[in-house]
Amino acid sequence: MAQDYREALLKKNYYENCPGCKVDQLKELRRGLPIRELVSIWIVVLCTALPISSLFPFLYFMVRDFKIAKREEDIGYYAGYVGSSFMLGRALTSIFWGVVADRYGRKPVIIMGTFTVVIFNTIFGLSTNFWMAISARFLLGSLNGLLGPIKAYACEIFRDEHQALGLSTVSTSWGIGLIIGPALGGFLAQPAEKYPNLFPKESLFGRFPYFLPCFCISVFALGVTIASCWLPETLHMHNENRFLSDNSFAAMETASSGSDGIESRPGSERSKRASGESLIRNWPLMSSIIVYCVFSLHDMAYTEIFSLWAVSPRKFGGLSYSTEDIGAVLAISGFSLLVFQLSLYPYMERILGPITISRLSGVISIPLLASYPFIAMLSGFSLSLLLNCASIMKNVLSDQHQRGAANGIAMTTMSLFKAAGPAGGGALFSLAEKRQNNAFLPGNHLVFFILNVVEAIGVLMTFKPFLAQQSE
């Protein structure tokens with residue numbers, strides 16, 4: 001067995017001072033499941049996911065306390081901009097961080113991303129006005145560019161047979177973040193009101209009612225940042241094998257491609273055509289990116305609107321939920337989504353195909369969203385039961401739009417649409433609250449109708465001639 005290992009090492013050229021070569025040597029010698037690397041990737045992705053989802057349960061109350069909205073109906077308008085600022089920052093810098101990761105290494109980008117969470121998530125929790133909050137979220141998104149590099153890292157750190165497991169670890173950790181984040185935001189926000197014996201009103205957490213969930217996430221991120229200093233670098237630091245690292249993002253995209261309908265294999269004729277053609281002329285790729293963007297716009301707008309709708313007063317058609325209530329609903333939905341991802345989805349995709357699943361998800365979502373204004377008429381146990389069921393279904397259905405990988409341009413474009421989603425959703429929500437007595441689409445009926453229009457457009461765009469798939 002030892003002789004086989006030595007022969008395997010002699011088949012390739014390795015450079016003594018190259019970190020990428022050292023990782024490749026370890027991969028050749030290693031056998032068995034790489035538990036340590038899986039855990040490392042899992043906690044890094046979780047560190048990134050938590051601040052994205054943790055603010056939604058308390059965002060309405062935070063903007064209300066800033067007193068920037070002249071009327072209660074305007075709170076959603078300003079909340080939308082806070083919700084979108086993170087994605088706007090990510091959109092503007094995602095390609096830049098990909099270039100940095102390919103030139104200087106994955107590890108510096110990962111450490112920078114996790115340390116950014118420590119600094120700017122803390123500042124966000126301590127925000128005393130609207131502009132401080134929006135600036136902190138924007139900088140958090142701008143300087144945390146590790147989502148693309150961590151996927152590339154997951155492909156490079158594992159042997160070929162474990163790469164799919166590494167990428168699934170990224171998506172699973174993201175799903176866990178969708179559970180823990182809203183739970184932290186919902187149960188830990190406004191602690192002086194919920195737990196007065198532990199957090200007096202004159203304490204730090206009493207004076208800054210939204211700091212505690214941010215502080216907990218920042219402490220976790222600090223631990224992840226320190227632990228990341230021991231991560232091995234996977235970038236090849238020599239010219240001869242540099243092309244391996246330059247193509248790592250393409251390999252990552254191929255390994256995780258799915259519902260975009262443009263799956264390709266590294267080195268395949270299709271892959272070569274895609275890289276050789278200009279983006280504008282490559283219509284199958286362009287059409288897939290556009291469809292992704294439409295669904296991303298819808299899903300981010302829904303996420304913003306659902307949280308605002310749930311916590312807004314009954315007189316405006318909302319549910320008058322507390323941060324705890326909405327945090328529990330979002331956590332339950334996130335847990336159900338994770339279970340679905342790990343159990344049913346692989347079988348459904350194998351039978352129906354990802355594009356068919358995306359179409360069915362969109363069609364089912366339309367009547368589901370149309371029922372939301374009527375759910376608001378309920379109360380007590382029936383409201384809780386139906387709302388949780390509807391939220392679980394909607395989150396599971398929305399997830400099917402987001403499967404598959406995106407190259408740098410697609411990630412940037414999708415982030416722009418994801419930034420527009422909360423801002424547009426917040427503005428639409430504020431408009432709806434001002435027209436409660438209109439005869440046509442009163443109040444929140446308008447909000448969910450517009451969401452359904454966007455969903456219907458996305459579904460129609462998944463059919464030919466718009467969505468074209470490259471032939472083999």
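The protein exposes about 20700 Å², and carbon and sulfur atoms supply 66% of that area. Accessible areas here come from the Shrake-Rupley method with a 1.4 Å probe, and for residues only the protein chains shown count as cover. This is a predicted model: local features need pLDDT of at least 70, side-chain atom pairs count only at pLDDT 80 or more, and totals for chains, interfaces and linings use all residues. Residues are numbered from 1 along each chain as its sequence is written, and side-chain values use heavy atoms, with hydrogens and water left out.

The fold comes next. The protein has 23 helices and 0 strands. Both are DSSP runs numbered from the N terminus: helices are H or I with at least four residues, strands are E with at least two. Of the 472 residues, 54% are buried. Buried means under 20% relative accessible area, exposed means over 50%, and partly exposed lies in between (1.4 Å probe, protein chains only). A contact means heavy atoms within 4.5 Å.

Lysine 27 counts as buried because its relative accessibility is 14%, and the cut-off for buried is under 20%. Leaving out residues up to four places away in sequence, lysine 27 touches Glu156, Ile157, Phe158 and Arg159.

Move on to the loop between α4 and α5. Lysine 67 lies there. Its phi is positive, about 60 degrees, although lysine 67 is not a glycine. Most residues other than glycine have a negative phi. Lysine 67 counts as exposed, at 68% relative accessibility.

The expected span is 1.5 Å times one less than the number of residues. Asparagine 129 caps the N-terminal end of α7, with a side-chain oxygen 3.2 Å from the backbone nitrogen of tryptophan 131. Which residues of α7 are buried? They are Phe130, Ala133, Ile134, Ala136, Arg137, Leu140, Gly141 and Ser142. These buried residues pack against α3 (35-53), α4 (59-66), α5 (75-104) and α6 (106-125).

Helix α16 is next. It has 29 residues and reaches 42 Å from its first C-alpha to its last, close to the 42 Å expected at 1.5 Å a residue. α16 is mostly covered, with 25 of its 29 residues buried. A loop joins α16 (283-311) and α17 (323-342), and serine 320 lies in that loop. Serine 320 also has a positive phi, near 55 degrees, in a residue other than glycine. It is partly exposed, with a relative accessible area of 42%.

Now look at the surface. Leu344, Met348, Ile351, Leu352, Leu360, Ile364 and Met393 form a nonpolar patch with about 640 Å² of accessible area together. The elements giving two or more residues to this patch are α18 (345-352) and α19 (354-370). The largest share, 3 residues, comes from α18. Patches are made of residues with over 30% relative accessible area and no salt bridge; like charges are joined within 9 Å, and nonpolar side chains (Val, Leu, Ile, Met, Phe, Trp, Tyr) within 5 Å. A salt bridge is a side-chain nitrogen of Lys or Arg within 4 Å of a carboxyl oxygen of Asp or Glu. Leucine 352 lies in α18. It is partly exposed, with a relative accessible area of 38%.

Two residues toward the end of the chain complete the tour. Alanine 419 is found in helix α22, residues 408-433. Is alanine 419 buried or exposed? At 7% relative accessibility, alanine 419 counts as buried. Alanine 419 touches Ser84, Met87 and Leu88, not counting residues up to four places away in sequence. Alanine 301 is 118 residues from alanine 419 in sequence, and their C-alpha atoms are 9.0 Å apart.

Asparagine 452 is found in helix α23, residues 444-460. It is buried, with a relative accessible area of 10%. Setting aside residues up to four places away in sequence, asparagine 452 touches Ser365, Ile366, Leu369 and Ala370.

Key:
A polar contact is a pair of N or O atoms within 3.5 Å; within protein, one must be able to donate a hydrogen and the other to accept it, and residues adjacent in sequence count only if both atoms are side-chain atoms.
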